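Here is a brisk report on one protein chain. Look at the model first, then read on.

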Amino acid sequence: MATRMLDEPTTVLLGTALASFVSGYLFGVYAIRGYFISPDLVEERRRFRNDPEESEESDVDEDEVALDHAPNWVNGREADRRQGLSMDAIREKQQQQPKPAPNYGNSNEECKLVLVVRTDLGMTKGKIAAQCSHATLACYKTLVRAAPGSPESNILSRWERLGQAKIAVQIKSQDELLELRRKARSLGLTAEVIQDAGRTQIEAGSMTVLGVGPAPKSVVDQITGHLKLL
């Protein structure tokens, strides 16, 4: 009888311990699997785990992005070559398309650079500013390679000395843009077209801006004098 009385507490203790262990294990499994958490909280945890948080930069208005074609210092040379801005690309174009000697007329006349912008593409103000900057740089790079003392070199020096006048005008089609470039080059003027990389607003390869000059005002006006200001 004494042995039986001692065995009963031990049996009860072991049974309680085993039941507690099994219950705790099952509770942990169910908790991990979300059975004891509200469906809304489970869904929120799932989204957090699977979907990375978006950067605040994604909420920036596209119009406020500065310099759509900001330099990529890793592949900048290759990007310049594709867009016709590198010195090698300019040299290749000049070798392939020799232009006649420019007739700059009065050597004392003020010089200007005209930026012809396509308005049919629907570019924002910031986009237009970036594209005009590209066109200005492309024209400058073309002229800066001219031999010292040449008409092109003298024109560039005069333009720099007298304030680098720039005028923005508008056209409504790519065909007009290309025709203006053809006329400008037929007179021996520098004329560079910028093609967009297609990273934001418009299709890749779109011709956006034509830069004509710098050259004396009367000569440039033969090409762009009929166009409306932007």
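At 33% relative accessibility, Glu179 counts as partly exposed. The cut-offs are under 20% relative accessible area for buried, over 50% for exposed, and partly exposed in between (1.4 Å probe, protein chains only). Glu179 forms a salt bridge with Arg182, and their closest N and O atoms are 2.7 Å apart. A salt bridge here is a side-chain nitrogen of Lys or Arg within 4 Å of a carboxyl oxygen of Asp or Glu. The two residues are 3 apart in helix α7, a separation of about one helical turn. Arg182 is partly exposed too, at 49% relative accessibility.

This is a predicted model: local features need pLDDT of at least 70, side-chain atom pairs count only at pLDDT 80 or more, and totals for chains, interfaces and linings use all residues. Residues are numbered from 1 along each chain as its sequence is written, and side-chain values use heavy atoms, with hydrogens and water left out.

## Other salt bridges

The structure holds 5 salt bridges. One of them joins Lys112 and Asp221, with the closest N and O atoms 2.7 Å apart. Lys112 sits in strand β1 and Asp221 in helix α8 (residues 217-224), so this pair ties together parts 109 residues apart in sequence. Lys112 is buried, at 11% relative accessibility. Asp221 is partly exposed, at 34%.

Glu192 pairs with Arg185, the closest N and O atoms being 3.8 Å apart. Glu192 is buried, with a relative accessible area of 6%.

## Overall fold

The protein chain has 8 helices and 4 strands. Helices (H or I, at least four residues) and strands (E, at least two) are DSSP runs, numbered from the N terminus. Their order along the sequence is α-α-α-α-β-α-α-β-α-β-β-α. Of the 230 residues, 32% count as buried.

Contact means heavy atoms within 4.5 Å. Among contacts between residues at least 6 apart in sequence, 75% join residues at least 24 apart.

## The sheet and its helices

An open sheet of 4 strands has the order β2-β1-β4-β3, with mixed pairing. Strands β2 (166-171) and β3 (191-195) stand at the edges with a single partner each, so one side of each has no neighbour in the sheet. Two strands pair if DSSP finds at least two bridges between them. Strand β1 (residues 111-118) and β2 pair in the parallel sense over 6 bridges. Val116 stands opposite Val169 in β2.

Two helices lie across β1, β2, β3 and β4: α5 (residues 125-144) and α7 (residues 174-186). Helix α5 runs at about 45° to β4 (207-216), and helix α7 at about 25° to β4. These angles run from 0 to 180 degrees between N-to-C directions, with axes fitted to C-alpha atoms, for helices over the stretch in contact.

## Helix α6 and backbone exceptions

The buried residues of α6 are Glu152, Ser153, Ile155, Leu156, Arg158 and Trp159. Their cover includes β1, α5, β2 and β4. Just after α6, Gly163 takes a positive phi of about 110°.

Most residues other than glycine have a negative phi, and most peptide bonds are trans. Gln164 is not a glycine, yet has a positive phi of about 50°. Gln164 lies in the loop between α6 (151-161) and β2. Gln164 is partly exposed, at 32% relative accessible area. The peptide bond from Gly213 to Pro214 is cis, with omega near 0°. Pro214 lies in strand β4.
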